[in-house]
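Me: I would like to learn how to read the features of a model like this one. Please take them one at a time.

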Amino acid sequence: MKPSFHKYRPFEQISLPDRQWPNRVIDRAPVWCSVDLRDGNQALVDPMNLQEKLEFFKALCDMGFKEIEVGFPSASETEYEICRELIEGGHIPDDVTIQVLVQAREHLIRKTFEAIRGAKNVIVHFYNSTSTLQRKVVFHRDMPGVIDIAVQGARLIRELTEGYEGDTRIRYEYSPESFSGTEMDNAVDICAAVLEALGATPENPVILNLPNTVEMCTPNTYADQVEYFIRHLPGRERAIISIHPHNDRGTGVAAAELALLAGAERVEGTLFGNGERTGNLDIVTTGLNMHTQGVDPGLDFGDLPALRKLYERCTKMQVHERQPYAGELVFTAFSGSHQDAINKGTQYMQEHNSDYWEIPYLPIDPADVGRQYEPIIRINSQSGKGGAAFVMQQTFGYHLPKEMHPEFGAMVKAECDRIGRELTAQELFEVFRTHYLETPETYSLAGNSVFEERPGGGLFRGVILHHGGEQAVEAEGNGPIDAFFNALRQVGVTDYHFLSYHEHAVSSGSDSRAIAYIELKAPSGGTVFGVGIDDSINKASIRGVLSAINRSCMAK
Ligand code: KIV
Ligand code: ZN
């Protein structure tokens, strides 16, 4: 038996040796047209009801779409009614154009013109299929027959527009459906004939939409087709070149991007790529890809979680966890080395006051799409020491000194191993609190201890509780830590040596407190960290010393 791949033929390439698109870059946003309410909707197991469509329509307007395909009003009574409600219910902002799809067939075109009565701005989008395969197996027509269908449709549309009463501004769009499966010269011929029949001019251009109805070739070939088409179309300035990629090979976004390089000026697609089979072009990904190149996409993606929620509710589809920009996990770094690099990138940006986004492993600032820093890193036993410190810093404002990272990282790893899963940020903080702030106290301070500053140092005075007893102490030193160490000697604590000290302010709500990290050399010879928090930095340091000593006592 022949292997099954033998039944396929390679996609036929077109000859365009002097193609220009590879040398270009995308430096501006196209005109976007959402087809969520038509192409996307018709592919849903459960198409949207009126309320859902209205809600979705409003969200698209709020995002900044100025062209929205609202349906196929001649296809069913429901579709017709939804179109009427949008118009009669006053849901369409003055600067938004609704687009209605119709096949190039007389009775459907007439019904469509009834459906758009009273709208301010409308694009009548008509189509017929032109591909080699569909002509052969579906329509049994030659190319002149297919051109005739499109031209008859165009003439009727022009006639109905000219006789149209009211203030509706009507524009036209024509799609040679399955454009990418059509011989390019035939695609050019049919579109040229449509431009003539519609009386297109540079002042009143017609949208020529070039669908990659079924994606069958690599994105570079689609780009070649678009560039070839544009270069061969007579009176190209009478047309706005639009693209309508699908995603059968998983390269819908790439195809759109290369087609933009090839000269496309307008893009049709859907949010999160919903649509027939593997979907339409994903406008969120395409737009945010531009955003990450410093190009304003002209659409507002600032609250992707809300958009995703609305999308999931209305379509009953799910956005995949790994969906670019929008997926639950796309701002989560599990690997320790990634976490370290993110940590370093964040510090670098702060230290250098950088104008540009320079954080490895995060191609976009999560805040740009309404995501928070908190879930960027989840801590698991593989996270590495830097990851836990990063979350402490980003989420809680605790800047653990670098020397402390291994010790805290080991505690976090042990906790992950103990509970058998990753830690949330709050659980991470609990590890910190239990070990450093709520250590069982072998030594503690009673009542009001004070550190009085004096020239060249100061005096510590207080009461130390230990082993069930209490002792008043008083000692001088060149600073609070030194004075406290001298006071500790009076209760027999003599074998600890001070190694390092870090402090900073930490805000909680409106007030700010001081936090001190103290590193001591313990009698065992190892190092131990302690943390103290207090309104006064002096007391925070003293508490930090006690925390370290108590932790060391616990370990004995
Ligand atoms: O994918 C397609 O070809 C279409 C056309 C009707 C534009 O949706
Ligand atoms: Zn489509």
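Predicted model: local features only at pLDDT ≥ 70, side-chain atom pairs only at ≥ 80, totals over all residues.

Reply: Residues are numbered from 1 along each chain as its sequence is written, chains are lettered from A and ligands numbered from 1 in the order in which they are written, and side-chain values use heavy atoms, with hydrogens and water left out.

Me: Which residues coordinate the zinc ion (ligand 2)?

Reply: Donors are N, O and S atoms within 2.8 Å of the metal (3.2 Å for Na, K and Ca); water is not among the atoms, so sites may look incomplete. Here the zinc ion (ligand 2) is coordinated at 2.0 to 2.1 Å by Asp39 through OD and by His244 and His246 through NE2. The spacing of these donor residues in sequence is D-x204-H-x1-H. Asp39 belongs to helix H1 (residues 36-42) and His246 to the loop between strand S7 (239-245) and helix H9 (252-261), so the pair ties together parts 207 residues apart in sequence. Helices (H or I, at least four residues) and strands (E, at least two) are DSSP runs, numbered from the N terminus.

Me: Is Asp39 buried or exposed?

Reply: Buried means under 20% relative accessible area, exposed over 50%, and partly exposed in between (1.4 Å probe, protein chains only). Asp39 is buried, with a relative accessible area of 4%, and His246 also counts as buried, at 4%.

Me: In what order do the strands of the open sheet lie?

Reply: Two strands pair if DSSP finds at least two bridges between them. The open sheet has 3 strands in the order S9-S10-S11, with antiparallel pairing. Strand S9 (443-454) and strand S11 (469-477) are at the edges with a single partner strand each, so one side of each has no neighbour in the sheet. Strand S10 (residues 457-466) pairs with S9 over 9 bridges, and 9 bridges also join S10 to S11. Among the bridge partners, Ser444 has Leu465 in S10, and Tyr443 has His466. S9 and S10 form a hairpin with 2 residues between them, where Gly456 in the turn has a positive phi of about 80°. The hairpin of S10 and S11 likewise has 2 residues between the strands, and His467 takes a positive phi near 45° there. In S10, 7 of the 10 residues are buried, so the strand is largely enclosed by the rest of the structure.

Me: How is the packing of H2 and H3 described?

Reply: Two packed helices are described by the angle between their axes and the distance between the axes. Axes are lines fitted to C-alpha atoms, for helices over the stretch in contact, and angles run from 0 to 180 degrees between N-to-C directions. Helix H2 (residues 50-63) and helix H3 (residues 77-88) pack at about 45°, with axes 11 Å apart. That makes H2 oblique to H3; angles under 35 degrees count as roughly parallel, over 145 as roughly antiparallel, 65 to 115 as roughly perpendicular and the rest as oblique.

Me: How many residues of H9 are buried?

Reply: In H9, 7 of the 10 residues are buried, among them Gly252, Val253 and Leu261. After H9 comes Gly263, with a positive phi near 120°.
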